[in-house]
Amino acid sequence: MKSRSAKDLLAQLTERTRSNLAAGRDFLALDDATLHLRPRPDAWNALENFAHLNYYGDYYLPEIRKQIGATKHRANTETFTSSWLGNYFAAGMKPGPQTRKINTFKKANPVNFDPAPDRSAIEEFIRQQEDMLELLQLSSQVDMTRTKTGTSLSDLIRLRLGDTLRVVVYHNWRHVEQALRACSVPG
């Protein structure tokens, strides 16, 4: 894969995380009825989207922090090179005109969560976005290509730190947009 500026990547991910954080704060101002709207009977409402993101944040944020702390690759490099697998995962998460539907694992599907998600899911999402901003800053102090993280998919799959950051931030972005669409369903 082609190398890119590590500084530019972190700046883009930081800006996107700030946007996700601002959106989360905006959702807190919405009434409960709006947060429970569904665009279709089988689609998630806004609260379910945030609960889904928190499920993955509960895995990835501690994993990222742990690997940043444990890495031997302390020298910051000016570039980051994505792996083909990391790039595939990140591209699959990034919203846009080519966004493809991805089936969620049963354990990560918020319709299966007990209790059902409530407003606290948004508050937790906000806390996780603040944590992500700190992790993005810490990531600038390590080699994001050589530092690896685990994945929630399998103990056998490890991604480069820069790819993991892209996947998590894009996944958050994807579901914030999905939550926005859910709330704009005509009553």
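1. Helices here are DSSP runs of H or I with at least four residues, numbered from the N terminus. In this predicted model, Trp 84 belongs to helix 4, which spans residues 84-93.

2. Trp 84 is exposed, because its relative accessible area of 65% lies over the 50% cut-off. Together with Met 1 and Tyr 88, Trp 84 forms a nonpolar patch on the surface, and the three have about 440 Å² of accessible area together.

3. The largest nonpolar core has 24 residues, of which Leu 13, Ile 64, Met 132, Met 144, Leu 161, Leu 165 and Tyr 170 touch the most other members. At least two residues of this core come from each of helix 1 (6-28), helix 3, helix 4, helix 5 (120-139) and helix 6 (161-183). Helix 6 provides the largest share, seven residues.

4. Leu 13 may be taken as one of the core residues that touch the most other members. Beyond its neighbours within four places in sequence, Leu 13 is in contact with Leu 136, Leu 165, Arg 166, Val 169 and Tyr 170. Another core, of 16 residues, lies apart from the largest one; its members include Leu 47, Phe 50, Leu 53 and Ala 121.

5. Gln 67 is found in helix 3, residues 46-70. Gln 67 counts as buried because its relative accessible area, 13%, is under 20%. With neighbours within four places in sequence left aside, the contacts of Gln 67 are Thr 147, Lys 148, Thr 149 and Arg 158.

Note on methods. Residues are numbered from 1 along each chain as its sequence is written. This is a predicted model: local features need pLDDT of at least 70, side-chain atom pairs count only at pLDDT 80 or more; totals for chains, interfaces and linings use all residues. Side-chain values use heavy atoms; hydrogens and water are left out. Buried means under 20% relative accessible area, exposed over 50%, partly exposed in between (1.4 Å probe, protein chains only). Contact means heavy atoms within 4.5 Å. Patches are made of residues with over 30% relative accessible area and no salt bridge: like charges are joined within 9 Å, nonpolar side chains (Val, Leu, Ile, Met, Phe, Trp, Tyr) within 5 Å. Accessible areas come from the Shrake-Rupley method with a 1.4 Å probe; for residues, only the protein chains shown count as cover. A salt bridge is a side-chain nitrogen of Lys or Arg within 4 Å of a carboxyl oxygen of Asp or Glu. A nonpolar core is a set of buried Ala, Val, Leu, Ile, Met, Phe, Trp, Tyr and Cys residues joined through side-chain atoms within 4.5 Å.
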